[in-house]
Amino acid sequence: YHSSYDPENSASHYTFLPDQPDSGHRKSLKIISGIFLSSFLLLSVAFFPILNNQSPDLQSNSRSPAPPSRGVSQGVSDKTFRDVVNASHVSYAWSNAMLSWQRTAYHFQPQKNWMNDPNGPLYHKGWYHLFYQYNPDSAIWGNITWGHAVSKDLIHWLYLPFAMVPDQWYDINGVWTGSATILPDGQIMMLYTGDTDDYVQVQNLAYPTNLSDPLLLDWVKYKGNPVLVPPPGIGVKDFRDPTTAWTGPQNGQWLLTIGSKIGKTGIALVYETSNFTSFKLLDEVLHAVPGTGMWECVDFYPVSTEKTNGLDTSYNGPGVKHVLKASLDDNKQDHYAIGTYDLTKNKWTPDKPELDCGIGLKLDYGKYYASKTFYDPKKQRRVLWGWIGETDSESADLQKGWASVQSIPRTVLYDKKTGTHLLQWPVEEIESLRAGDPIVKQVNLQPGSIELLHVDSAAELDIEASFEVDKVALQGIIEADHVGFSCSTSGGAASRGILGPFGVVVIADQTLSELTPVYFFISKGADGRAEAHFCADQTRSSEAPGVAKRVYGSSVPVLDGEKHSMRLLVDHSIVESFAQGGRTVITSRIYPTKAVNGAARLVVFNNATGASVTASVKIWSLESANIQSFPLQDL
């Protein structure tokens with residue numbers, strides 16, 4: 001890179017426009033910078049050393065031993081974030097203020113300690129129930145117990161006493177992931193994986209003792225547990241995470257699937273039952289994909305190709321496709337595919353073999369795993385939960401006293417326009433946290449320009465942004481540009497092309513030494529066809545070592561007549577980013593050292609070299625969710 005930027009002779013300048021009133025209490029600040037200065041600022045991002053060894057803060061760092069793997073010896077995916085471990089064992093001198101800032105304001109998380117998979121979500125007598133993997137003793141994985149919380153709206157939550165603890169021989173080493181099935185008479189069957197005293201994965205049954213209790217406070221484990229053990233040919237540590245059951249072709253028959261593997265082939269075993277205490281393994285698997293490894297947390301559910309509502313898990317018939325999702329132990333990401341389910345033959349077939357489960361699309365291209373859906377009968381929608389783990393060091397988690405959050409629940413619909421994708425979108429209830437009217441901005445961004453937007457708190461935001469690329473430039477450029485572009489290998493937002501990147505920078509400090517861009521990049525192939533990519537760049541999200549600094553993302557279909565659009569939910573150390581109505585989603589965890597405690601800034605930018613972009617932005621400040629313990633006197 002060679003810059004001709006001359007700070008003494010450059011014509012670049014800032015123009016401060018008069019403050020504009022907004023809802024009586026907000027003001028917007030517009031900063032327009034010329035092409036040279038803004039290019040310098042954006043491009044310079046790539047050339048700051050990732051670890052500035054001269055920094056006073058970093059001089060206080062020390063090396064610590066790599067933490068051990070968590071869970072692998074017991075046969076579950078590693079719960080230690082390996083990227084950080086492999087990259088560096090440097091311990092950063094986090095201040096209490098920095099760590100306190102990382103805690104989210106409106107995402108669900110326990111009061112303290114470790115959390116991972118969402119379990120058995122359901123709706124019962126006016127309350128949404130969430131169970132979750134929890135360690136009551138520490139901020140690292142272990143002693144897995146079922147935490148329990150309830151909500152009226154999926155946003156404000158009340159912690160309840162534990163639903164289940166590891167206290168029987170068949171789950172003494174962990175009450176692991178499970179799913180709820182609600183029978184026609186209202187009974188709730190909760191099947192879950194237990195890790196036995198001999199470290200064998202078995203399936204167990206539990207159910208509430210009092211169905212008339214809206215809070216479902218008391219659960220009993222079936223006296224005949226385990227109800228399923230690993231079948232012949234399946235490893236004792238490769239048999240876990242039963243799904244919600246669906247009705248079979250015979251009267252009174254229920255079917256469910258459990259993830260496993262044979263060699264390196266990921267499979268979904270299918271069992272039938274009529275009473276949830278005795279089961280029969282069917283001869284054929286629901287589906288198998290060679291080379292994908294162990295399938296964890298399998299999910300299987302119908303989506304309507306005609307309507308905009310969700311479907312009960314047992315729904316089948318015309319106008320229905322089925323989604324198969326597997327959490328791949330090998331790469332720690334959630335993959336899905338859309339296909340056709342033959343109930344009689346009990347076989348699922350992907351619509352597009354090249355997009356089969358495990359080799360095609362992902363639910364989320366960032367830090368997101370072990371997701372689980374449930375059907376919400378109250379609003380006739382399918383709701384998706386996902387575990388958002390940490391991407392910092394284990395020592396930092398122990399220092400702050402907690403680890404992991406749950407994603408904002410998302411609705412899931414079939415994308416009728418593409419026929420290949422799902423559309424994930426935050427549940428509408430999140431909008432109840434919006435504080436007043438939005439800040440609305442529209443600005444023409446010339447190549448290499450940025451605009452800084454003033455908001456009350458850039459750490460808790462709901463942002464909707466659309467970008468219209470200059471049509472003359474988009475259609476007039478016929479030469480190939482960035483053929484084979486990939487977000488993960490692109491070098492981030494500082495890597496410029498003719499038609500990108502352009503987007504939004506969140507959680508930036510005043511000097512832009514820390515920042516997290518979320519953006520589109522349009523590449524052109526040798527045939528002149530344009531392809532849009534949606535990326536989230538964490539390479540400069542923090543000046544601290546020992547945290548993940550990846551570029552996440554994927555290509556995203558942008559159809560004729562569509563603008564490039566995104567929605568971002570910013571909540572301190574987590575950013576959930578949705579492109580094109582939820583066709584592609586990226587979740588980021590970030591750990592800034594400067595852009596905290598009121599110092600965070602929000603920016604829109606266009607770092608393309610050959611096209612202007614018109615950005616239209618709506619920004620809402622979000623209030624905190626009310627997440628607290630249920631009043632003891634009311635239990």
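Strand β12 (residues 188-195) and strand β13 (residues 201-208) run antiparallel and are joined by six bridges. A strand here is a DSSP run of E with at least two residues, numbered from the N terminus. Two strands pair if DSSP finds at least two bridges between them. Within β13, N204 stands opposite Y192.

This is a predicted model: local features need pLDDT of at least 70, side-chain atom pairs count only at pLDDT 80 or more, and totals for chains, interfaces and linings use all residues. Residues are numbered from 1 along each chain as its sequence is written, and side-chain values use heavy atoms, without hydrogens and water.

Now the whole sheet. Its four strands follow the order β11-β12-β13-β14, in an open, antiparallel arrangement. β11 (175-182) and β14 (219-221) are at the edges with a single partner strand each, so one side of each has no neighbour in the sheet.

A second sheet is also open. Six strands form it in the order β27-β7-β8-β9-β10-β43, with mixed pairing. Its edge strands, β27 (402-403) and β43 (627-629), each pair on one side only. Inside it, five bridges join β9 (residues 145-151) to β10 (residues 157-164), and these two run antiparallel. A149 has Y159 in β10 as its bridge partner.
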